[in-house]
Amino acid sequence: MTMTPSSTSTTSIRTSGSRLGYRFNLVGVIGFTIIIAWALVAVFAPLIIPYPVGEIVDLDYFGPMSRDFWLGSDYLGRDMLSRILMGARYTVGISLAAVTIACFSGVVLGMIAAVAGGWLDTVVSRFLDALNSIPSKLFGLVVVAAVGSSIPVLILTLSVIYIPGAYRFARALAVNINAMDFITVARIRGESTWYLIRSEILPNIVGPVLADLGLRFVFIVLLLSGLSFLGLGVQPPYADWGALVRENIGGLPFGAPAVMFPSLAIASLTISVNLLIDNLPQKIRDRSE
Amino acid sequence: MNNRVLSLVLSRLLIAVITLVIVSFAVFFATTLLPGDTASILLGQAATPEAVEGLRKAMHLDEPAIFRFLRWIVGLVQGDLGTSYANEMPVADLIAGRFVNTLKLAGVTALFSVPIALTLGITAAMLRGSLYDRIVTVLTIGVISVPEFMIATSAVLVFAVYLKWLPALSFANEVTSLSDLLRIYAMPVITLTFGVSAQMIRMTRAAVIETLNTPYVEMALLKGASRPRMVFRHALPNALGPIVNAVALSLSYLLGGVIIVETIFNYPGVAKLMVDAVSTRDLPLIQSCAMIFCLGYLLLTTTADLIAILSNPRLR
């Protein structure tokens with residue numbers, strides 16, 4: 001799926017349809033591998049955890065790394081490795097759901113605004129820009145304070161926070177495409193707005209939009225972890241990686257592994273996504289920035 | 001300054017005002033979504049229905065939300081931030097001292113991060129593609145991609161646990177000497193400086209590289225100007241606008257950063273006050289703190305845009 005060196009010169013037959021035609025470099029492959037690994041962990045976590053997540057298995061609290069407990073134990077003596085593996089479900093799952101909603105709504109709105117233009121464009125842009133000028137962490141804080149913190153609320157809040165960014169990005173791309181001749185031709189043919197969006201604009205912006213989705217995923221993971229760290233995200237007994245750091249912050253003065261490893265898990269995920277996107281082939285990542 | 005610049009500036013300011021109105025609307029209604037009746041929560045379970053009714057009237061809770069919103073906005077403009085539900089003190093008094101603390105933290109951070117970030121960003125752009133540039137780029141991507149609390153916990157691990165230079169998370173409440181002061185500020189400032197600088201380095205580097213790619217810089221190189229002369233005489237003056245813009249934008253990162261940093265280090269600032277207010281559900285306090293943060297953010301982004309407009313030589 002990743003490296004196919006043979007296809008660089010084959011331009012004639014395998015054109016736009018073939019995903020295999022892209023070349024990734026080594027750093028990109030490493031990033032991609034780590035992302036896939038975390039995704040698999042999130043799916044199969046209950047099968048691979050060595051100990052049940054909620055069970056106190058170590059007599060010592062904030063235990064060091066050992067043969068029995070690879071990543072030490074937490075503030076109650078629960079196995080850290082199991083908790084981190086299970087935490088992947090919440091961090092990856094919630095972020096993925098939120099980023100999907102955010103990018104889907106943002107991109108659709110952006111394309112509609114670009115194609116329709118006029119007052120609709122102005123109103124939507126102005127409103128979303130205003131939303132965008134609330135600092136993201138603050139927005140999360142206020143909403144969670146208002147309606148409490150359940151997982152559906154978290155997903156919706158995170159996606160609402162990142163809709164304006166996705167909208168802005170997609171709109172800027174779509175406006176450029178919208179000025180091209182084939183759009184004018186399609187308009188003269190009498191095609192509907194929906195057709196223009198789906199068949200003329202979307203195929204031309206899908207690469208950059210996917211790259212943008214990756215970046216937004218990183219932001220959402222960071223914001224979710226931050227909220228959980230403040231105690232406003234995923235609530236006990238469940239714990240995502242941010243909540244794991246919060247639980248075990250008491251072990252920080254002793255340098256307990258329970259504090260560092262959930263943070264490292266977050267870092268490995270977000271840095272991998274960034275590496276993958278930075279090393280995407282120019283063909284996909286043809287961004288204006 | 002000609003008419004075109006003036007109209008651009010004015011329209012940008014108008015947008016800022018409109019944004020502020022929408023934002024205050026959003027903040028007010030988000031906080032009034034709180035489930036439960038505020039009056040009965042305040043009076044506790046033993047309250048009689050008459051007492052609850054009385055308090056509702058006194059707090060204007062029986063009015064439609066839009067009136068309460070207008071009342072709140074008018075109060076804000078007049079400097080009346082309302083009364084805290086939790087301890088019945090005027091919100092303005094609660095916030096005043098904390099606000100100064102947060103400003104101090106932000107000021108000290110800016111003092112350190114701006115020179116560091118500009119130096120690193122500009123030199124990295126000058127030596128683009130070199131090993132130095134790559135190290136700087138990788139480090140900034142690394143810092144940007146990790147959550148703020150990880151920078152904070154790493155700083156504690158390095159400076160307090162292994163090097164034992166600074167106390168871990170405990171803070172002396174009374175400051176008696178200069179060393180105490182340094183100890184209080186060191187860790188939060190280190191954490192924030194890392195985050196802010198990383199953003200700033202990235203944006204500065206991009207701005208300078210963009211200028212270095214212009215034809216007139218290439219011309220300077222072709223006519224035989226030395227590399228430093230090319231950068232400092234020809235490129236930098238023109239990159240100044242984008243760089244100052246980048247500085248203002250990255251400083252807005254401080255607003256998100258302080259929320260985490262003040263919580264983790266127990267620093268008595270506005271953000272800590274707000275996080276505490278969220279747990280006690282102290283509405284007027286949350287609203288006021290949220291407005292302060294939004295105002296700060298808007299101020300920084302608007303300044304960034306205004307600088308970008310004013311520094312554009314094509315508009316002069």
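According to an unreviewed UniProt entry, the annotation "transmembrane region" covers residues 12-34, 105-127, 139-162, 182-201, 239-265 and 285-310 of chain B. UniProt positions are given in the numbering used here, feature names are shortened, and annotations may be inferred rather than shown by experiment. Welcome to a predicted model, in which local features need pLDDT of at least 70, side-chain atom pairs count only at pLDDT 80 or more, and totals for chains, interfaces and linings use all residues. Residues are numbered from 1 along each chain as its sequence is written, while chains are lettered from A and ligands numbered from 1 in the order in which they are written.

**Chain B**

- Chain B has 13 helices and 0 strands; helices (H or I, at least four residues) and strands (E, at least two) are DSSP runs, numbered from the N terminus.
- In chain B, 71% of the contacts with a separation of 6 or more join residues 24 or more positions apart; a contact means C-beta atoms, placed from the backbone, within 7 Å.

**Chain A**

- Chain A comes to 9 helices and 0 strands.
- Buried residues make up 45% of its 289 residues.
- Residues 24 or more positions apart account for 68% of the contacts in chain A with a separation of 6 or more.

**Where the two chains meet**

- Here 40 residues of chain B are in contact with 36 residues of chain A.
- On the chain B side, the elements that each supply at least two residues include α1 (3-32), α6 (131-145) and α13 (283-310).
- The most comes from α1(B), with 8 residues.
- This side of chain B has 30 nonpolar, 8 polar and 2 charged residues; Ala, Val, Leu, Ile, Met, Phe, Trp, Tyr, Cys and Pro count as nonpolar, Asp, Glu, Lys and Arg as charged, and the others, Gly among them, as polar.

**Confidence in chain A**

- Chain A averages a pLDDT of 82, and 89% of the residues score at least 70; pLDDT is the predictor's confidence in each residue, from 0 to 100.
- Over residues 1-20 of chain A the pLDDT is below 50.
- Where pLDDT is low, the predicted coordinates should not be read in detail.

How values were computed
Contact = placed C-beta atoms within 7 Å. Buried ≥ 20, exposed ≤ 12 C-beta atoms within 10 Å, placed from the backbone.
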